[in-house]
Amino acid sequence: MKVIDLRSDTVTRPTRQMRDVMAAAEVGDDVYGEDPTVNHLQQFTANLTGKEAGLFVPSGTMSNLIALLSHCQRGEEYIVGQQAHTYKYEGGGAAVLGSIQPQPLDLAADGTLDLLQVKAAIKPDDCHFARTRLLCLENTQGGKVLPLDYQAEAARFARDNGLSLHLDGARVCNAAVAQQVPLLQICQYYETVSICLSKGLGAPVGSVLVGSHEFISRARRWRKMCGGGMRQAGILAAAGLLALQNQFERLAEDHARARQLAEGLQQIDALSIDLQQVQSNMIFIDCALEIQQPLIESLRQQGILIGGYGQLRLVTHLDIDDAAIPRVVSVFKDFFIRC
Ligand SMILES: *Cc1c(COP(=O)(O)O)cnc(C)c1O
(Lines give C-alpha, C1' and ligand atoms only; values in the text may rest on other atoms or scores of the structure.)
Protein backbone atom coordinates (compact mmCIF):
# COMPACT_ATOMS: atom_id res chain seq x y z
CA MET A 1 0.00 0.00 0.00
CA LYS A 2 1.39 3.40 -1.00
CA VAL A 3 1.36 5.72 1.99
CA ILE A 4 -0.33 9.08 1.47
CA ASP A 5 1.63 11.39 3.73
CA LEU A 6 -0.22 14.67 4.28
CA ARG A 7 1.55 15.67 7.52
CA SER A 8 3.78 18.22 5.81
CA ASP A 9 5.28 19.27 2.49
CA THR A 10 8.71 18.58 4.02
CA VAL A 11 8.25 14.85 3.37
CA THR A 12 8.79 15.08 -0.40
CA ARG A 13 11.48 12.83 -1.86
CA PRO A 14 13.88 13.87 -4.61
CA THR A 15 12.74 12.70 -8.04
CA ARG A 16 14.88 10.54 -10.34
CA GLN A 17 15.76 13.64 -12.35
CA MET A 18 16.73 15.49 -9.19
CA ARG A 19 19.01 12.66 -8.05
CA ASP A 20 20.63 12.71 -11.50
CA VAL A 21 21.43 16.43 -11.41
CA MET A 22 22.73 16.07 -7.85
CA ALA A 23 25.05 13.25 -8.88
CA ALA A 24 26.35 15.28 -11.81
CA ALA A 25 26.74 18.60 -9.96
CA GLU A 26 30.01 20.50 -10.27
CA VAL A 27 31.32 21.20 -6.79
CA GLY A 28 34.03 23.09 -4.91
CA ASP A 29 34.62 24.30 -1.38
CA ASP A 30 31.74 26.64 -0.64
CA VAL A 31 33.35 28.05 2.51
CA TYR A 32 36.01 29.39 0.11
CA GLY A 33 33.17 30.61 -2.12
CA GLU A 34 34.34 28.15 -4.77
CA ASP A 35 31.35 25.88 -5.30
CA PRO A 36 30.01 26.85 -8.74
CA THR A 37 26.65 25.18 -8.20
CA VAL A 38 26.08 26.91 -4.85
CA ASN A 39 27.10 30.22 -6.42
CA HIS A 40 24.69 29.61 -9.28
CA LEU A 41 21.81 28.79 -6.91
CA GLN A 42 22.52 31.89 -4.81
CA GLN A 43 22.61 34.20 -7.84
CA PHE A 44 19.60 32.52 -9.43
CA THR A 45 17.55 32.98 -6.25
CA ALA A 46 18.73 36.57 -5.87
CA ASN A 47 17.61 37.33 -9.44
CA LEU A 48 14.27 35.61 -8.93
CA THR A 49 13.59 37.68 -5.82
CA GLY A 50 15.02 40.96 -7.13
CA LYS A 51 17.81 41.04 -4.53
CA GLU A 52 21.55 41.55 -4.94
CA ALA A 53 22.77 38.38 -3.27
CA GLY A 54 21.80 35.05 -1.77
CA LEU A 55 23.19 32.63 0.80
CA PHE A 56 22.58 28.88 0.75
CA VAL A 57 21.98 27.49 4.24
CA PRO A 58 21.15 24.04 5.63
CA SER A 59 17.64 24.82 6.94
CA GLY A 60 14.92 27.42 7.16
CA THR A 61 15.47 27.68 10.89
CA MET A 62 19.14 28.55 10.37
CA SER A 63 18.22 30.97 7.60
CA ASN A 64 15.83 32.90 9.85
CA LEU A 65 18.29 32.76 12.76
CA ILE A 66 21.09 34.15 10.59
CA ALA A 67 18.74 36.88 9.34
CA LEU A 68 17.81 37.85 12.91
CA LEU A 69 21.48 37.81 13.99
CA SER A 70 22.41 39.96 11.01
CA HIS A 71 19.59 42.49 11.53
CA CYS A 72 19.71 42.80 15.33
CA GLN A 73 22.44 43.28 17.91
CA ARG A 74 22.41 42.00 21.46
CA GLY A 75 19.73 43.84 23.45
CA GLU A 76 17.68 44.68 20.37
CA GLU A 77 14.24 43.39 19.58
CA TYR A 78 12.14 42.05 16.71
CA ILE A 79 8.36 42.22 16.47
CA VAL A 80 6.86 38.96 15.29
CA GLY A 81 3.62 36.95 15.24
CA GLN A 82 2.81 34.99 18.37
CA GLN A 83 2.10 32.00 16.13
CA ALA A 84 4.96 32.70 13.69
CA HIS A 85 7.66 30.13 13.00
CA THR A 86 10.43 32.63 13.80
CA TYR A 87 8.98 33.06 17.28
CA LYS A 88 7.27 29.81 18.24
CA TYR A 89 8.92 27.02 16.31
CA GLU A 90 12.63 27.81 16.28
CA GLY A 91 13.53 26.89 19.85
CA GLY A 92 13.91 30.51 20.90
CA GLY A 93 17.14 30.61 18.89
CA ALA A 94 17.32 34.38 18.47
CA ALA A 95 17.05 34.87 22.24
CA VAL A 96 19.25 31.92 23.18
CA LEU A 97 22.01 32.42 20.63
CA GLY A 98 21.72 36.11 19.79
CA SER A 99 20.47 37.83 22.98
CA ILE A 100 17.75 39.25 20.75
CA GLN A 101 14.42 39.85 22.43
CA PRO A 102 11.26 38.81 20.61
CA GLN A 103 8.14 40.97 20.95
CA PRO A 104 5.37 38.61 19.88
CA LEU A 105 1.91 39.92 18.91
CA ASP A 106 -1.17 37.92 18.00
CA LEU A 107 -1.63 37.43 14.29
CA ALA A 108 -4.90 38.45 12.67
CA ALA A 109 -7.06 35.70 11.13
CA ASP A 110 -5.58 36.44 7.70
CA GLY A 111 -1.99 35.87 8.87
CA THR A 112 -1.08 39.58 9.01
CA LEU A 113 0.10 41.63 11.97
CA ASP A 114 -2.07 44.66 12.70
CA LEU A 115 0.26 47.59 12.02
CA LEU A 116 -1.43 49.77 14.66
CA GLN A 117 -0.59 47.11 17.23
CA VAL A 118 2.94 46.93 15.87
CA LYS A 119 3.21 50.71 16.16
CA ALA A 120 2.10 50.53 19.80
CA ALA A 121 4.70 47.81 20.51
CA ILE A 122 7.66 49.85 19.21
CA LYS A 123 9.68 50.91 22.25
CA PRO A 124 10.65 54.54 22.79
CA ASP A 125 14.35 55.39 22.89
CA ASP A 126 14.72 55.00 26.65
CA CYS A 127 17.19 52.94 28.66
CA HIS A 128 14.38 50.85 30.15
CA PHE A 129 13.68 49.21 26.83
CA ALA A 130 15.25 46.95 24.29
CA ARG A 131 15.74 48.78 20.97
CA THR A 132 13.06 47.76 18.47
CA ARG A 133 14.96 46.99 15.28
CA LEU A 134 13.04 44.62 13.05
CA LEU A 135 9.59 43.57 11.93
CA CYS A 136 9.27 39.97 10.85
CA LEU A 137 6.36 38.69 8.74
CA GLU A 138 5.55 35.21 7.42
CA ASN A 139 4.09 34.37 3.98
CA THR A 140 2.40 32.02 3.53
CA GLN A 141 1.27 31.93 7.15
CA GLY A 142 -0.54 28.68 7.98
CA GLY A 143 -1.19 28.36 4.24
CA LYS A 144 -2.67 31.85 4.04
CA VAL A 145 -1.35 34.24 1.43
CA LEU A 146 -0.64 37.77 2.64
CA PRO A 147 -2.38 40.43 0.50
CA LEU A 148 0.04 42.43 -1.68
CA ASP A 149 -1.36 45.77 -0.56
CA TYR A 150 -0.85 44.78 3.08
CA GLN A 151 2.78 43.96 2.37
CA ALA A 152 3.25 47.28 0.57
CA GLU A 153 1.78 49.05 3.58
CA ALA A 154 4.02 47.07 5.96
CA ALA A 155 7.06 48.14 3.91
CA ARG A 156 6.04 51.81 4.14
CA PHE A 157 5.32 51.38 7.83
CA ALA A 158 8.73 49.82 8.50
CA ARG A 159 10.50 52.60 6.58
CA ASP A 160 8.56 55.36 8.37
CA ASN A 161 9.36 53.81 11.74
CA GLY A 162 13.02 53.04 11.16
CA LEU A 163 12.54 49.26 11.27
CA SER A 164 14.05 46.66 9.00
CA LEU A 165 11.64 44.17 7.43
CA HIS A 166 12.33 40.43 7.11
CA LEU A 167 10.07 37.85 5.51
CA ASP A 168 10.04 34.26 6.66
CA GLY A 169 9.14 33.15 3.17
CA ALA A 170 9.50 29.43 3.80
CA ARG A 171 6.53 29.06 1.42
CA VAL A 172 6.66 32.39 -0.40
CA CYS A 173 6.81 30.49 -3.71
CA ASN A 174 3.37 29.09 -2.86
CA ALA A 175 2.20 32.65 -2.24
CA ALA A 176 3.51 33.85 -5.61
CA VAL A 177 1.88 30.96 -7.44
CA ALA A 178 -1.41 31.47 -5.60
CA GLN A 179 -1.46 35.18 -6.49
CA GLN A 180 -0.07 34.55 -9.99
CA VAL A 181 2.63 37.16 -9.57
CA PRO A 182 6.41 36.93 -10.06
CA LEU A 183 8.27 36.14 -6.85
CA LEU A 184 10.00 39.51 -6.88
CA GLN A 185 6.68 41.31 -6.74
CA ILE A 186 6.27 39.96 -3.21
CA CYS A 187 9.95 40.11 -2.25
CA GLN A 188 10.33 43.77 -3.31
CA TYR A 189 8.67 44.82 -0.05
CA TYR A 190 11.29 43.17 2.17
CA GLU A 191 14.96 43.86 2.84
CA THR A 192 15.57 40.17 3.39
CA VAL A 193 13.67 37.00 2.59
CA SER A 194 14.24 33.39 3.63
CA ILE A 195 12.97 30.72 1.23
CA CYS A 196 12.76 26.98 1.90
CA LEU A 197 13.74 24.69 -0.96
CA SER A 198 12.86 21.58 1.04
CA LYS A 199 9.09 22.08 1.31
CA GLY A 200 6.71 21.98 -1.63
CA LEU A 201 9.52 22.78 -4.05
CA GLY A 202 10.77 19.26 -3.35
CA ALA A 203 14.52 19.60 -2.69
CA PRO A 204 15.81 17.29 0.05
CA VAL A 205 17.64 20.00 2.05
CA GLY A 206 18.23 23.70 2.17
CA SER A 207 17.03 27.27 2.24
CA VAL A 208 18.26 30.47 0.64
CA LEU A 209 18.45 33.82 2.42
CA VAL A 210 18.44 36.83 0.07
CA GLY A 211 19.22 40.53 0.58
CA SER A 212 21.78 43.20 -0.28
CA HIS A 213 25.48 42.39 -0.87
CA GLU A 214 26.32 44.11 2.37
CA PHE A 215 23.71 42.17 4.36
CA ILE A 216 24.62 38.80 2.87
CA SER A 217 28.31 39.30 3.58
CA ARG A 218 27.43 39.82 7.26
CA ALA A 219 25.08 36.82 7.12
CA ARG A 220 27.89 34.68 5.68
CA ARG A 221 29.97 35.30 8.81
CA TRP A 222 27.01 34.26 11.01
CA ARG A 223 26.44 31.18 8.88
CA LYS A 224 30.01 30.07 9.51
CA MET A 225 29.63 30.76 13.24
CA CYS A 226 26.40 28.73 13.35
CA GLY A 227 28.16 25.79 11.74
CA GLY A 228 26.37 26.20 8.44
CA GLY A 229 29.42 26.37 6.16
CA MET A 230 28.97 23.22 4.07
CA ARG A 231 31.98 22.66 1.74
CA GLN A 232 30.97 20.67 -1.39
CA ALA A 233 27.36 21.71 -0.95
CA GLY A 234 26.82 21.93 -4.72
CA ILE A 235 25.35 18.43 -4.56
CA LEU A 236 22.52 19.88 -2.48
CA ALA A 237 22.37 23.21 -4.31
CA ALA A 238 21.85 21.33 -7.59
CA ALA A 239 18.62 19.92 -6.17
CA GLY A 240 17.55 23.39 -5.06
CA LEU A 241 18.22 24.87 -8.48
CA LEU A 242 16.20 22.18 -10.21
CA ALA A 243 13.42 22.70 -7.68
CA LEU A 244 13.25 26.44 -8.44
CA GLN A 245 13.58 25.98 -12.19
CA ASN A 246 11.28 23.00 -12.76
CA GLN A 247 9.09 22.47 -9.71
CA PHE A 248 7.95 26.01 -8.96
CA GLU A 249 4.96 26.45 -11.26
CA ARG A 250 3.66 23.02 -10.35
CA LEU A 251 2.85 24.28 -6.85
CA ALA A 252 -0.44 25.33 -8.47
CA GLU A 253 -1.34 21.62 -8.67
CA ASP A 254 -0.84 21.27 -4.91
CA HIS A 255 -3.15 24.22 -4.36
CA ALA A 256 -5.84 22.79 -6.64
CA ARG A 257 -5.64 19.43 -4.86
CA ALA A 258 -5.81 21.07 -1.43
CA ARG A 259 -8.98 22.87 -2.51
CA GLN A 260 -10.52 19.69 -3.89
CA LEU A 261 -9.63 17.83 -0.71
CA ALA A 262 -11.03 20.59 1.50
CA GLU A 263 -14.28 20.66 -0.48
CA GLY A 264 -14.59 16.88 -0.18
CA LEU A 265 -13.93 16.81 3.55
CA GLN A 266 -16.19 19.76 4.21
CA GLN A 267 -19.16 17.54 3.37
CA ILE A 268 -18.54 15.60 6.59
CA ASP A 269 -20.71 17.09 9.34
CA ALA A 270 -18.27 16.35 12.16
CA LEU A 271 -15.54 18.39 10.48
CA SER A 272 -15.37 22.14 10.19
CA ILE A 273 -13.19 23.75 7.54
CA ASP A 274 -13.00 27.43 6.68
CA LEU A 275 -12.64 27.18 2.91
CA GLN A 276 -11.63 30.84 2.65
CA GLN A 277 -8.51 29.97 4.63
CA VAL A 278 -7.52 27.27 2.15
CA GLN A 279 -5.45 29.53 -0.08
CA SER A 280 -2.47 27.38 -0.95
CA ASN A 281 -1.45 23.85 0.01
CA MET A 282 -2.68 23.60 3.62
CA ILE A 283 -5.96 22.59 5.17
CA PHE A 284 -6.77 23.07 8.85
CA ILE A 285 -9.73 21.20 10.26
CA ASP A 286 -11.56 21.75 13.52
CA CYS A 287 -13.17 18.69 15.00
CA ALA A 288 -14.01 17.40 18.48
CA LEU A 289 -10.79 16.79 20.41
CA GLU A 290 -11.78 13.29 21.56
CA ILE A 291 -12.22 12.17 17.96
CA GLN A 292 -8.85 13.43 16.76
CA GLN A 293 -6.54 10.69 18.01
CA PRO A 294 -8.84 7.78 17.01
CA LEU A 295 -9.28 9.41 13.59
CA ILE A 296 -5.54 9.95 13.08
CA GLU A 297 -4.88 6.35 14.16
CA SER A 298 -7.59 4.90 11.94
CA LEU A 299 -6.28 6.84 8.93
CA ARG A 300 -2.74 5.71 9.73
CA GLN A 301 -3.80 2.07 9.65
CA GLN A 302 -5.09 2.69 6.15
CA GLY A 303 -1.90 4.34 4.98
CA ILE A 304 -2.92 7.98 5.36
CA LEU A 305 -0.85 10.24 7.59
CA ILE A 306 -2.12 13.62 8.79
CA GLY A 307 -0.99 16.11 11.43
CA GLY A 308 -2.87 17.23 14.52
CA TYR A 309 -2.05 19.79 17.19
CA GLY A 310 -5.48 20.89 18.38
CA GLN A 311 -6.55 21.25 14.78
CA LEU A 312 -6.00 18.59 12.13
CA ARG A 313 -3.55 19.64 9.42
CA LEU A 314 -3.34 18.26 5.89
CA VAL A 315 -0.70 19.49 3.45
CA THR A 316 -0.52 18.67 -0.26
CA HIS A 317 2.80 18.44 -2.09
CA LEU A 318 4.86 16.93 -4.89
CA ASP A 319 4.24 13.33 -3.79
CA ILE A 320 0.44 13.64 -3.53
CA ASP A 321 -1.23 12.83 -6.83
CA ASP A 322 -4.80 13.27 -8.12
CA ALA A 323 -5.82 9.76 -7.14
CA ALA A 324 -4.94 10.40 -3.49
CA ILE A 325 -7.68 13.02 -3.06
CA PRO A 326 -10.84 10.88 -3.48
CA ARG A 327 -9.15 8.08 -1.57
CA VAL A 328 -8.51 10.31 1.45
CA VAL A 329 -12.05 11.71 1.34
CA SER A 330 -13.52 8.23 1.23
CA VAL A 331 -11.41 6.89 4.12
CA PHE A 332 -12.44 9.91 6.20
CA LYS A 333 -16.10 9.29 5.36
CA ASP A 334 -15.82 5.60 6.30
CA PHE A 335 -14.46 6.55 9.70
CA PHE A 336 -17.39 8.83 10.44
CA ILE A 337 -19.96 6.31 9.21
CA ARG A 338 -18.51 3.76 11.64
CA CYS A 339 -18.22 6.06 14.65
C1 LIG B 1 9.46 24.97 7.73
C2 LIG B 1 9.45 26.39 8.10
C3 LIG B 1 10.61 27.06 8.51
C4 LIG B 1 11.95 26.42 8.76
O5 LIG B 1 12.21 25.29 8.18
P6 LIG B 1 13.26 24.13 8.51
O7 LIG B 1 13.95 23.97 7.22
O8 LIG B 1 12.40 22.99 8.89
O9 LIG B 1 14.17 24.58 9.59
C10 LIG B 1 10.50 28.40 8.76
N11 LIG B 1 9.34 29.06 8.65
C12 LIG B 1 8.21 28.45 8.27
C13 LIG B 1 6.96 29.24 8.14
C14 LIG B 1 8.22 27.10 8.00
O15 LIG B 1 7.09 26.49 7.64
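A: Start with strand E7. Both of its faces are covered: Thr-192, Ser-194 and Cys-196 on one side, Val-193 and Ile-195 on the other, are all buried. Buried means under 20% relative accessible area, exposed means over 50%, and partly exposed is in between, with a 1.4 Å probe and protein chains only. Strands (E, at least two residues) and helices (H or I, at least four) are DSSP runs, numbered from the N terminus.

Q: What kind of model is this, and how are residues numbered?
A: It is a predicted model, where local features need pLDDT of at least 70, side-chain atom pairs count only at pLDDT 80 or more, and totals for chains, interfaces and linings use all residues. Residues are numbered from 1 along each chain as its sequence is written, and side-chain values use heavy atoms, with hydrogens and water left out.

Q: Back to E7. How many of its residues are buried?
A: Five of the five, residues 192-196, so E7 is largely enclosed by the rest of the structure.

Q: Which strands does E7 pair with?
A: E6 (residues 164-169) runs parallel to E7, joined by four bridges. E8 (residues 207-211) pairs with E7 in the antiparallel sense, also over four bridges. Two strands pair if DSSP finds at least two bridges between them.

Q: Which residues face each other there?
A: Leu-167 has Val-193 in E7 as its bridge partner. Ser-194 stands opposite Leu-209 in E8.

Q: And E5, is it buried or exposed?
A: Six of the eight residues of E5 are buried, so E5 is largely enclosed by the rest of the structure. Five bridges join E5 to E3, and the two run parallel. Glu-76 has Arg-131 in E5 as its bridge partner. E5 also pairs with E6 in the parallel sense, over five bridges. There, Leu-135 stands opposite Leu-165 in E6.

Q: New topic. How many disulfides?
A: The count is zero, taking a disulfide as a pair of cysteine sulfur atoms within 2.5 Å.

Q: What about Cys-187?
A: Cys-187 is in no disulfide either; the nearest cysteine sulfur, that of Cys-173, is 7.8 Å away. Cys-187 is buried, with a relative accessible area of 0%.

Q: What lines the largest cavity?
A: Its lining residues include Val-80, Leu-107, Cys-136 and Leu-146. E3 (76-81) and E5 (131-138) each supply at least two lining residues. The largest share, three residues, comes from E5.

Q: And the largest pocket?
A: About 1100 Å³ of space lies in the largest pocket. It is lined by 35 residues, of which Tyr-89, Gly-142, Met-282, Phe-284 and Arg-313 lie nearest its centre. Elements giving two or more residues to that lining are helix H4 (85-88) and strands E9 (282-285), E11 (307-309) and E12 (311-315).

Q: Where does Gln-247 sit?
A: In the loop between helix H11 (234-246) and helix H12 (251-266). Gln-247 counts as buried, at 5% relative accessibility. Its side chain reaches the backbone oxygen of Leu-201 at 2.7 Å.

Q: What about Gln-180: buried or exposed?
A: Exposed, with a relative accessible area of 74%. Gln-180 has a positive phi of about 55 degrees although it is not a glycine.

Technical notes
A polar contact is a pair of N or O atoms within 3.5 Å; within protein, one must be able to donate a hydrogen and the other to accept it, and residues adjacent in sequence count only if both atoms are side-chain atoms. On a 1 Å grid over the protein atoms alone, a cavity is a set of points where a 1.4 Å probe fits but cannot get out, and a pocket is an open set with protein on both sides within 12 Å along at least five of seven lines; lining residues have an atom within 4 Å of a point. Grid points are joined across faces, edges and corners, and a volume is the space filled by probe spheres set on the points.
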